[in-house]
Amino acid sequence: MAQMVTMESIDLSDATISIPPEIQVDQIHIETPEESTTTENYCPEMIGHVLATHVGKRTRILDGSFTYVELMKHYHSSLDESDWQKENLYERLLRRAKTEDLSEVSGIGCLYQSGVDRLGRPVVVFCGKWFPAHNIDLEKALLYLIYLLDPIVKGDYVIAYFHTLTSSNNYPSLQWLKDVYSILPYKYKKNLKAFYIVHPTFWTKMMTWWFTTFMAPAIKTKVHSLPGVEHLYSAIAKDQLEIPAYITEYDMATNGIHYFQPITNTSSPAS
């Protein structure tokens, strides 16, 4: 026996549209995307789901017929509205990133691409000391991150974060990091193949463990803490890695010279 629309009326537009109770759900007709004169019957469960979850929404409905585009849009948004909203938010931020003046952030030089690793994947460098977390517009920082990474993350990539000589002034709040992580779409996590943290401190290791355990478990196995720059050379050739002089100077003062002999094959430990 076919399902019945049990609602006496549904307010889906500017005016309340009455739907006679004798109309059966599996008899509601939906126009095709080509707006052809033919009609098709759609899954009763799907239409029932849309009707049940969009009471009060402003959706055009004519003589009991949804357009195909409207139906599918509201069906998928009702199933996972949070993801729909995140995708729209990211697209808006990307448009802003391409049009707004971000020289305030780009001029700092804390985030940039530096060559490729031994497997040909782009390397993104982040210098923690040069990031003034408490004296910068964090929204513009996010926009610049999106502007730089969006074309890169379409394929595999790696990040090298240098914690060298950072202080509390360089640490953004965990809430901001969580917000950024939630805004960035799945391709950022999926195509990230390694996240190297160079010169970590005990605080860094604890925060990294906490963040990747409770906030970002998808990248937990991709994070690698390295005590010195030369450890990176197993995965990234030296001539592909451009880093500020203060990092190499600190590294030599702390670890000495030629303290690690990298394996120079193309089999990255983080691949």
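Figure 1. Helix α8 contributes the largest share of the nonpolar patch, three residues. This is a predicted model in which local features need pLDDT of at least 70 and side-chain atom pairs count only at pLDDT 80 or more, while totals for chains, interfaces and linings use all residues. Residues are numbered from 1 along each chain as its sequence is written, and side-chain values use heavy atoms, with hydrogens and water left out. The patch consists of L174, L177, W209, W210 and F214 and covers about 470 Å². At least two of its residues come from α6 and at least two from α8 (202-214). L174 belongs to helix α6 and is partly exposed, at a relative accessible area of 32%. Helices (H or I, at least four residues) and strands (E, at least two) are DSSP runs, numbered from the N terminus. Patch members have over 30% relative accessible area and no salt bridge; like charges are joined within 9 Å, and nonpolar side chains (Val, Leu, Ile, Met, Phe, Trp, Tyr) within 5 Å. Accessible areas are from the Shrake-Rupley method with a 1.4 Å probe, and for residues only the protein chains shown count as cover.

**Figure 2. The buried side of helix α6.** In α6 (residues 174-183), the buried residues are W176, V180, Y181 and I183. They lie on the same side of α6, because the arc they cover around the axis is only 165°. The arc is taken over the directions from the helix axis to the C-beta atoms. Buried stands for under 20% relative accessible area, exposed for over 50%, and partly exposed for values in between (1.4 Å probe, protein chains only).

**Figure 3. The largest pocket and its lining.** The volume of the largest pocket is about 1,100 Å³. It is lined by 38 residues, of which F126, Y161, L177, F195 and F211 are the closest to its centre. Helix α8 gives the most to this lining, six residues. At least two lining residues each are supplied by β6 (122-127), α5 (138-149), β7 (157-162), α6, α7 (186-191), β8 (192-198) and α8. Pockets and cavities are found on a 1 Å grid over the protein atoms alone: in a cavity a 1.4 Å probe fits but cannot get out, whereas a pocket is an open set of points with protein on both sides within 12 Å along at least five of seven lines, and lining residues have an atom within 4 Å of a point. Grid points are joined across faces, edges and corners, and the volume is the space filled by probe spheres set on the points.

**Figure 4. Salt bridges around E100 and K140.** The structure contains six salt bridges, each defined as a side-chain nitrogen of Lys or Arg within 4 Å of a carboxyl oxygen of Asp or Glu. One of them joins the side chains of E100 and K140, at 3.5 Å from N to O. E100 is in the loop between α3 (81-99) and α4 (103-106) and K140 in helix α5, so this pair ties together parts 40 residues apart in sequence. E100 is partly exposed, at 29% relative accessible area. A network of salt bridges links R96, E100, E139 and K140.

Figure 5. In the salt bridge between D117 and R121, the closest N and O atoms are 2.8 Å apart. D117 is buried at 5% relative accessible area, and R121 is buried at 7%. The side chains of K187 and D150 form a salt bridge with an N to O distance of 3.1 Å. This pair links distant parts of the chain, with K187 in helix α7 and D150 in the loop between α5 and β7, 37 residues apart. K187 is partly exposed at 27% relative accessibility, whereas D150 is buried at 8%.

**Figure 6. Loop residues with positive phi.** L165 has a phi near 55°, a positive value in a residue other than glycine. L165 sits in the loop between β7 and α6 and is partly exposed, at 46% relative accessibility. For H199, also not a glycine, phi is positive and near 60°. H199 is in the loop between β8 and α8 and is buried, with a relative accessible area of 7%.

**Figure 7. Two positions in the loop between β9 and α9.** The loop between β9 (223-226) and α9 (245-255) holds A237, and E230 is also placed there. A237 is buried at 19% relative accessibility; its C-alpha is 9.6 Å from that of P262, at a sequence separation of 25 residues. E230 is buried at 13% relative accessibility. The C-alpha atoms of E230 and T248 are 9.5 Å apart, the two residues being 18 residues apart along the chain.
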